[in-house]
Amino acid sequence: TRNFMLMDQGESTDQTYHGRLLVDSDIRLRGTHLNPSLEGNLRLNEGSSFSFTLPQPAPEAIGDEGVVEFISAADSLFLAMVHERVTDGVVTQVERITVNLNVEIDRQTELRIVIDDLAGDFLELKGGGVLSLGIDPGGRMSLSGRYEIAEGPNLLTFYDVIRRNFRIRPGSSIVWTGDPLDATVDITAIYALRTSARDLMRTHTGADQAQAARLRQQYPFLV
C-alpha cells in the first residue's frame, strides 16, 4: 500500500490513544491457518501523529491487614506458588502467529505521551528511526532499534507549585534491544530562563559597585 490511512481516530476523554497514521507497507502473509507468518516492511509517513495517555492507577485505601503474613515452611501449596514460573517481557494475546516487521518512522511524525492528564504533564516528540518488531508463536513480543528525537517540548508540573516548560535537545534517543519495557533512554532536556547571576557569584564578588550592578542585570541561562 502507499500512504494508506491505518488509523484516523479523534481525541476522546475515555480513550487511551488517538491519532492519524499514514503508512506505506509491503507485507507478506505466509504459512498455514494454524501457524501463520507475517513479515515485511512498514513506514510511517509525514503527516502521521499519535497520542498515548499513560493509564493512571485508581486511588484506593490501603489497610494494615495482610501486610505481613507468616507462612509455615510445611505449606506445600505456598511453596508451589513460590516456584511457579514467572513470565518475563511482554506477551500479547495473539498466539500461534509469527511476526517480523521492520518499521521505519519519518522524522516529521509527531508522538505525544500524556504522563498525567489531570496535572497536564506531557511529552511531545518529533523524530524518526528504524525499529524491528517481532512476535513469536507463543505471543512473546520483542522490539529492537533506535528512535532519535529531532525536537520536542516537555511540560512538567508538580501540583500547582512548579510548572516548567523544557525543550528536548536534538539527538536524544530511545534504544530498544529486545524487551519493549526495558529501553535505554538518553534524553537531555533544557530549561531556558532569564535571571541575574548575583546569587551564583556572591562568593566571588568584592566591594566593586560596578561589578555588583552588572551582576544584578538579567541574562539568558540554559539549565
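Predicted model: local features only at pLDDT ≥ 70, side-chain atom pairs only at ≥ 80, totals over all residues.
Trainee: How many aromatic pairs does the count come to?

Mentor: Rings of Phe, Tyr and Trp pair if their centres lie within 6.5 Å. By this rule the count comes to two.

Trainee: Is the pair of Tyr 17 and Phe 50 stacked, tilted or edge-to-face?

Mentor: The ring centres of Tyr 17 and Phe 50 are 6.0 Å apart, and their planes make an angle of 25 degrees. Planes under 30 degrees apart count as stacked. The pair of Tyr 17 and Phe 50 is therefore classed, with its 25 degrees, as stacked.

Trainee: How many residues apart are Tyr 17 and Phe 50?

Mentor: Tyr 17 belongs to strand S2 (residues 17–31), and Phe 50 to strand S4 (residues 49–53). The pair thus links distant parts of the chain, and the separation is 33 residues.

Trainee: Is Phe 50 buried, partly exposed or exposed?

Mentor: Buried means under 20% relative accessible area, and exposed means over 50%. Phe 50 has 24% relative accessibility, so this residue counts as partly exposed.

Trainee: What is the phi of Asn 3 near?

Mentor: Asn 3 is found in the segment before strand S1 (4–9). Its phi is positive, in a residue other than glycine, and is near 50 degrees.

Note on methods. Residues numbered from 1 in each chain as written. Heavy atoms only, no water. Helix = DSSP H or I, 4+ residues; strand = E, 2+ residues; numbered from the N terminus. Phe/Tyr/Trp six-rings, centres within 6.5 Å; stacked < 30°, edge-to-face > 60°. Buried < 20%, exposed > 50% of the residue type's maximum accessible area, 1.4 Å probe, protein only.
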